[in-house]
Amino acid sequence: MSDPIPPTNPNRLDDVFVQSRRELVSILLIWLVFAGWVIAASDLLAYDDASEGVDLVFGMPAWVFWAIGLPWIGANGVIFWFCLGFMKDQSLESEET
Amino acid sequence: MDQSGNVIHLVTSAQGATNAALVTFGIYLLFVFFLAWLSSRVRSRKEFVSEYFLGSRGLGVWAFALTFAATNASGGSFMGFPALIYTHGWVLALWIASYMVVPVVTTGLLAKRLNQVARRAGAVTVPEILRERFGSPGVGLVATGLLTFFMFFYLLAQFKAGSSILATLLGEIAVFQSAVAWVAEWQQGVPLFEAAEPDYLLCLLVFSGTVIAYTAYGGFRAVVWTDVMQGIVMVIGVGIMFFLVLQQTGGLGKATRSVAEMTPPDHGEIRIRLTEALDRDVVLRKGAWLEVLEEGRRESMVRTKRLTRIPADTLELEEIPALIVTTPSEIQRIDPDPLAVPVQTEITVRTPYESGAGKKGAYVSAPGPSVEGDVGFLSLGMALSFFVFWSFGGAGQPSNMVRQMAFKDAPTLRRSIMMVSVYYSLIYFPLVIIFCCARVIVPGMEVDPDRVMPETARVLASVAGAPWLAGLIVAAPFAAVMSSVDSFLLMVSSGLVRDVYQRNINPGVSERQMKILTYGVTSLVGIAAALAVLNPPQYLQNLIVFSTGGLAGCFLVPMALTLFWPRMTRAGVVAGMLGGCGTHLLLYILGYFVHGRFAVYSFLGLEAFIWDMVGAGICSIGGSLGSRPLPVDLVCRFFGSVSDSRRNTG
């Protein structure tokens, strides 16, 4: 295994570290947005009495579509944007950083 | 009617389907061994330790994405999860909703930084990263100890789950039954094996032998390659089931409306009276459908929960446990098993669900019906807990961290996150749809909910006129559990060989000695786990939750701070890991006193894992701020810029 080269300058933070931290905060925000959507929509729609019948959207109970199906599609869209538009390709090799 | 042997009912299993399962399983095992052999050929050309434990950090998109996805989808995804969907209905979509963000959280939260730090440290295991980051062998040893402790519990649970799944899949095959009879004869008088159920013992031997052999021989690369194959098998299995179930129920809307009309069944006991005595002992199978008549009219349908022996010259049997169907349309639709002699069935005990009993719409709304607890299956607070647990619990698993150390480069990570997102979308949401629809086509599976996956596969394939498809479908749960076990087995052996022996006892060990030791330890850990579950422990599901929650509680917060907080110290990381572990154990000890059994105490109604994270966070930060900072050069090694340093020194 090649011997990694240790950086020694304490005055400047590593670019990968800085970008990773940005990505971490963004991921936490993404999680928070979708957690909020799912829990709030479920609270509003999912716990209703369905004994008189159930509203359907695309064949599934309406609350499943609005509280889970739709945010699931939205989450996939946001994840694709995050990966294609926000994450940066950086060299992770210590020798080349 | 099957008049052979002692069975008095019509046997309805499709032998073609089960034979197909056996053939599929055989092909599957051969392919697994082929991949192990292939990976050992690759390894022979590379440096042993890095290749065996980390695949030389060369995982591409397909390998990284699918090994990540497959390892996380354990046997529970294909056995326990379908059973829950079937039993509680559409509310399981809310229970699993966090999987919409699980790919980006578990794969993206720490991955890039973890991979970079691992490269700088030259680390191939999780404890090794901590050891190098803090320049302390003690930190590495604490991490190895905690990791081995919790992972061994997890291994026990997965060995048991794998063997049970195999027994379920192969249970009705004649060849398998002959082998079971042979094992039953052989185990008599053998002290260690005598008490085990023969079918379980046989499956445990096959399952553990296979996993131990290919993991020990093939190492990380074999595990990853088999994960890729297993991941593909899983998505194909789900895809076929999804298509067939929608076709056979007449579409999702029709199926959902039927499910909305259903009311939860009652559990209870029945008494059976024969109209004439039999001249020999006979057996009534588990799962037999019987009708309950009142004034000549069908009042209800019941399904037996266990196999029942009917002695000769007996007219009335002892009470037997049964499931009692309560939905009127189902009562009329289900055909009773044809029996050799007419019987009268009477319901003697009836226990309704504590939540949702007699209520239409219970299966299409939250909180879902539940046998125990009047709040239903999933309260909103628990839904939030699960949203946290699936995302961050996954991110904190050391088995995921190892994979994050092994991908090739940043573009691989980006593409893999997208691929895992699509993959999970194709697995988890369709599973909810499939097994909600399964309520319509395979009624009464509450008698043995863990069998709902193979039974649904059998019925779907049989109705579709292609029984061989069942073989392909039922390979999915087996693939899922195998892909989890192999990863965890390798984690434990790498912890012992690399972190304990090579780094602390004998740093000068030769590559040949390392090879022998690694093969030996991987095999020994696997054999020890298999022996420990010869008589499977009680509270299996609790054991899985205990170990996965414990691992995430110990490692997530300390590892995140290790990677992102330069001020983190040796004392902080040790305090964090022990704080997470201590909180976890404390909640289980409290749970034992409160519930009187091995169960967790949910403080304020939240998952234990959330409190573990709080405990680990407080201890990590408190321990770091209360201790001396690390030397500047050590911090710079992992947080400083190499190029800047080169420019300055140049």
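Trainee: How do strand β4 and strand β6 of chain B pair, and over how many bridges?
Mentor: They pair in the antiparallel sense, over three bridges. Strand β4 covers residues 297–304 and β6 covers residues 320–324. Keep in mind that this is a predicted model.

Trainee: Noted! Which residue of β6(B) does B:Thr304 stand opposite?
Mentor: B:Thr304 faces B:Ala322 there. B:Gly268 also stands opposite B:Ala322.

Trainee: And what joins β1 to β6 in chain B?
Mentor: Five bridges, with the two strands running antiparallel. Strand β1 spans residues 266–274.

Trainee: How many bridges join β1(B) to β7(B)?
Mentor: Eight, and that pair runs antiparallel too. As an example of facing residues, B:Ile270 stands opposite B:Ile347 in β7(B).

Trainee: Can you zoom out for me? In what order do the five strands of the open sheet in chain B come?
Mentor: The order is β3-β4-β6-β1-β7, with antiparallel pairing. β3 (289–294) and β7 (343–351) of chain B each have a single partner strand, so one side of each is left without a neighbour in the sheet. Neighbouring strands are turned by 45 degrees against each other on average, ignoring direction.

Trainee: What holds strands of a sheet together in general?
Mentor: Strands pair through backbone hydrogen bonds, in either a parallel or an antiparallel way.

Trainee: Okay, switching to the interface. How many residues does each chain put into the contact?
Mentor: Chain B puts in 76 residues and chain A 62 residues. About 6,100 Å² is buried between the two chains, with carbon and sulfur atoms giving 71% of that area.

Trainee: Which residues of chain B lose the most area to chain A?
Mentor: Those are B:Met100, B:Lys112 and B:Arg414, which together make up 13% of what the chain B side buries.

Trainee: How many salt bridges does the rule find across the interface of chain B and chain A?
Mentor: Three. One of them links the side chains of A:Glu23 and B:Lys112, at 2.9 Å from N to O.

Trainee: Which helix gives the most to the side of chain B that touches chain A?
Mentor: Helix α17 (residues 410–441) does, with twelve residues.

Trainee: Last one: how do the residues of that side divide into nonpolar, polar and charged?
Mentor: On the side of chain B that touches chain A, 43 are nonpolar, 18 polar and 15 charged.

Notes
Residues are numbered from 1 along each chain as its sequence is written. Chains are lettered from A and ligands numbered from 1 in the order in which they are written. This is a predicted model: local features need pLDDT of at least 70, side-chain atom pairs count only at pLDDT 80 or more; totals for chains, interfaces and linings use all residues. Side-chain values use heavy atoms; hydrogens and water are left out. Two strands pair if DSSP finds at least two bridges between them. Helices (H or I, at least four residues) and strands (E, at least two) are DSSP runs, numbered from the N terminus. Axes are lines fitted to C-alpha atoms, for helices over the stretch in contact, and angles run from 0 to 180 degrees between N-to-C directions. Contact means heavy atoms within 4.5 Å. Buried area is the accessible area (1.4 Å probe) that two parts lose on being put together, summed over both. A salt bridge is a side-chain nitrogen of Lys or Arg within 4 Å of a carboxyl oxygen of Asp or Glu. Ala, Val, Leu, Ile, Met, Phe, Trp, Tyr, Cys and Pro count as nonpolar, Asp, Glu, Lys and Arg as charged, and the others, Gly among them, as polar.
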